[in-house]
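This briefing walks through one protein model, beginning with a term that the later points rely on. Please keep the structure in view while you read, and look for each part as it is named.

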Amino acid sequence: MVFSVLLLVGCSQNDDHDWHIELIEPALERDEDGYDIVSGIRFEPSPAMIEALERGVTLTVALQTRATGGPVFVSGLDRIRKHRLEISYLPLSRHYQLVYLRDDSHSSFPRLSMLLNALEAREPWSVKLEGDELDRGPWRVQARAELDRSRLPSPMRLPAWLDPQWRVRSDWQEWSTERVEVDAQ
């Protein structure tokens, strides 16, 4: 009974807060290599996230894309890709670091606000469609951004799942590949 109450409390939504994550002007584009979601990420961390960051916890933001050839997304049959980036605080230099895990590129910023502004720059995020899949379709493509709580240190994971300050996830954005033309760059 107590577990059920905790579960319901943990699942309740509280929209009276300033922290959130969202995709900025997302668009589906295609070139000869495949489809990309081109978007920036607006991330406003909660006070609990900022405190953890300043105490040495790395925050992982994930942009997830998925594609399906049918009317419904089916686990195991969709093409899913999770792009991750890490935000950390470097206490010796008093800088914040942004690491894109796709190419291991590092950027350093003297202020967290500057790092968050850099996240808003539009970047291509590839969709997992390869080879002959590109011409088969049309595909339904979706994307969303979220804080990846599974990447938190082990002692923080359960409290983070229950605390609303750690629940930030954007809504799914959706496109169809039948309305996207190949960009010949």
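This is a predicted model: local features need pLDDT of at least 70, side-chain atom pairs count only at pLDDT 80 or more; totals for chains, interfaces and linings use all residues.

A residue is called buried when its relative accessible area is under 20%. With that cut-off in mind, strand 8 can be described as mostly covered, since seven of its eight residues are buried.

- Six strands make up an open sheet, in which the order is 6-5-4-3-8-9 and the pairing is antiparallel.
- At the edges stand strand 6 (105-109) and strand 9 (173-176), each of which pairs on one side only.
- On average, and with direction ignored, neighbouring strands of this sheet are turned by 15 degrees against each other.
- In general, the strands of a sheet pair through backbone hydrogen bonds, and they may do so in a parallel or an antiparallel way.

**Strand 8 and its two partners**

- Strand 3 (residues 59-68) and strand 8 (residues 140-147) run antiparallel and are joined by eight bridges; within this pairing, Thr65 stands opposite Ala143, and Arg66 stands opposite Gln142.
- Strand 8 is also joined to strand 9 by four bridges, and these two strands likewise run antiparallel.
- Gln142, which faces Arg66, has Glu174 as its bridge partner in strand 9.

**Helices that pack on strands**

- Helix 2 (residues 47-54) packs on the sheet, where it touches strand 3, strand 4 (79-90), strand 5 (95-100) and strand 8, and its direction makes about 65 degrees with that of strand 4.
- Helix 3 (residues 112-119) lies across strand 4, strand 5 and strand 6, and runs at about 25 degrees to strand 5.
- Which residues of helix 3 are buried? They include Leu112, Leu115, Leu116 and Leu119.
- Seen down the axis of helix 3, its buried residues fall within an arc of 100 degrees, so they line one face of the helix.
- The buried residues of helix 3 pack against strand 2, helix 2, strand 4, strand 5 and strand 6.

**The largest nonpolar core**

- The largest nonpolar core has 42 residues, and those that touch the most other members are Ile41, Phe43, Leu85, Ile87, Leu115, Leu119 and Trp166.
- Among the elements that give two or more residues to this core are strand 1 (20-31), strand 2 (34-44), helix 2 and helix 3.
- Leaving aside residues up to four places away in sequence, Leu85 touches several residues, including Ile41, Val61, Leu98, Leu119 and Trp125.
- In soluble globular proteins, nonpolar side chains tend to be buried together.

Technical notes
Residues are numbered from 1 along each chain as its sequence is written. Side-chain values use heavy atoms; hydrogens and water are left out. Two strands pair if DSSP finds at least two bridges between them. Axes are lines fitted to C-alpha atoms, for helices over the stretch in contact, and angles run from 0 to 180 degrees between N-to-C directions. Contact means heavy atoms within 4.5 Å. A nonpolar core is a set of buried Ala, Val, Leu, Ile, Met, Phe, Trp, Tyr and Cys residues joined through side-chain atoms within 4.5 Å. Buried means under 20% relative accessible area, exposed over 50%, partly exposed in between (1.4 Å probe, protein chains only). The arc is that of the directions from the helix axis to the C-beta atoms.
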